[in-house]
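Please give me a quick briefing on this protein model.

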Amino acid sequence: MGHWWYRNIVEPEKLPLLLALLSFVTSFLVTRVITRLIRAGRGPFKNITPGGMHVHHVVPGVILVIIGGFGAIGSGRHSFGGLASAVIFGLGAGLVLDEFALILHLDDVYWSEQGRKSVEIVVLTAALVALVLGGFLPFGVNDLTTEERQSRGLVVMNMATNFFLALIALWKGKARTAFFGTVIPFVALIGAVRLARPGSPYAKRFYANRPRARAKAGLRAFHHDRRWAIPRRRFENFIGGTPDPAVALEKPPADKP
């Protein structure tokens, strides 16, 4: 373990990356716990609303990311300032990505279905950083043996292939498959070769004049959603909290002539 630690963390100078990852995950988990307590009306935590304006935690997150980023650039990698900057950057990144959906939609969708994108992007980011940190990618690792170089080269090629297949899966309207397919083998391949989801850019492009393929895609999407909707919702609710129910806006009755 000590040999692995030196070759993959100390010698490639990845200790700041390790601290950033740990602070990133900690920041996200602590933030989710606090927001769920605020939502439930428990504990001493309250929303920050100076002058009636709700300040989202993405705001201090951006400030911390800027401080940590510039601090890391201006500090030595092995200095205390560099390590502290890595921690500050990770804390800020956790706050920012926890509200990724808000930035994407430019709307407060934290407790909505759209807000689940924040949890997905955080999991994907942590997984990718962990791959680099764990030495599965040969960035900064010197004196690799022939076997190590070959195995790590295969990992890099596999990740590049997964990323390409994930883009195809995303084109077919399978966002979750694309996200997790970038780090989990064969997941992106399955999403890339199977039928596209109805309404996806791929389906609109290639299924417009193929009614059988369009009908088959719709039937498959229906059965897939019915099978996996409940387990997926339970897992997402456990991590990110239960979203608010969608409220249907009633249209006012039209005036009679």
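The points below go from the whole chain to single residues.

This is a predicted model, in which local features need pLDDT of at least 70, side-chain atom pairs count only at pLDDT 80 or more, and totals for chains, interfaces and linings use all residues. Residues are numbered from 1 along each chain as its sequence is written, and side-chain values use heavy atoms, with hydrogens and water left out.

**Overall fold**
- The protein has eleven helices and zero strands. Helices (H or I, at least four residues) and strands (E, at least two) are DSSP runs, numbered from the N terminus.
- Along the sequence the pattern reads α-α-α-α-α-α-α-α-α-α-α.
- Of its 257 residues, 33% count as buried. Buried means under 20% relative accessible area, exposed over 50%, and partly exposed in between (1.4 Å probe, protein chains only).
- Contact means heavy atoms within 4.5 Å. Of the contacts between residues at least 6 apart in sequence, 61% join residues at least 24 apart.
- The accessible surface is about 16600 Å², and carbon and sulfur atoms hold 68% of it. Areas come from the Shrake-Rupley method with a 1.4 Å probe; for residues, only the protein chains shown count as cover.

**Helix H4**
- Helix H4 covers residues 80–98, and its 19 residues should span 27 Å at 1.5 Å a residue. The expected span is 1.5 Å times one less than the number of residues. The end C-alpha atoms of H4 are 27 Å apart, which agrees.
- Buried residues of H4 include Gly82, Ser85, Ala86, Leu97 and Asp98.
- The buried residues of H4 pack against helix H2 (15–40), helix H3 (58–73), helix H5 (100–105) and H6.

**Ser118**
- Ser118 sits in helix H6 (residues 116–133).
- Ser118 counts as buried because its relative accessibility is 2%.
- A polar atom of the Ser118 side chain lies 3.2 Å from the backbone nitrogen of Phe100.
- Leaving out residues up to four places away in sequence, Ser118 touches Arg32, Leu97, Asp98, Glu99, Phe100 and Ala101.

**Cavity**
- A search of the whole structure finds one cavity of 30 Å³ or more. A cavity is a set of points on a 1 Å grid over the protein atoms alone, where a 1.4 Å probe fits but cannot get out; lining residues have an atom within 4 Å of a point.
- The largest cavity has a volume of about 70 Å³. Volume is the space filled by probe spheres set on the points, which are joined across faces, edges and corners.
- H6 and helix H11 (211–240) are the elements that give two or more residues to its lining.
- Among the lining residues are Arg32, Trp111, Val119 and Glu236.

Notes:
A polar contact is a pair of N or O atoms within 3.5 Å; within protein, one must be able to donate a hydrogen and the other to accept it, and residues adjacent in sequence count only if both atoms are side-chain atoms. On a 1 Å grid over the protein atoms alone, a cavity is a set of points where a 1.4 Å probe fits but cannot get out, and a pocket is an open set with protein on both sides within 12 Å along at least five of seven lines; lining residues have an atom within 4 Å of a point.
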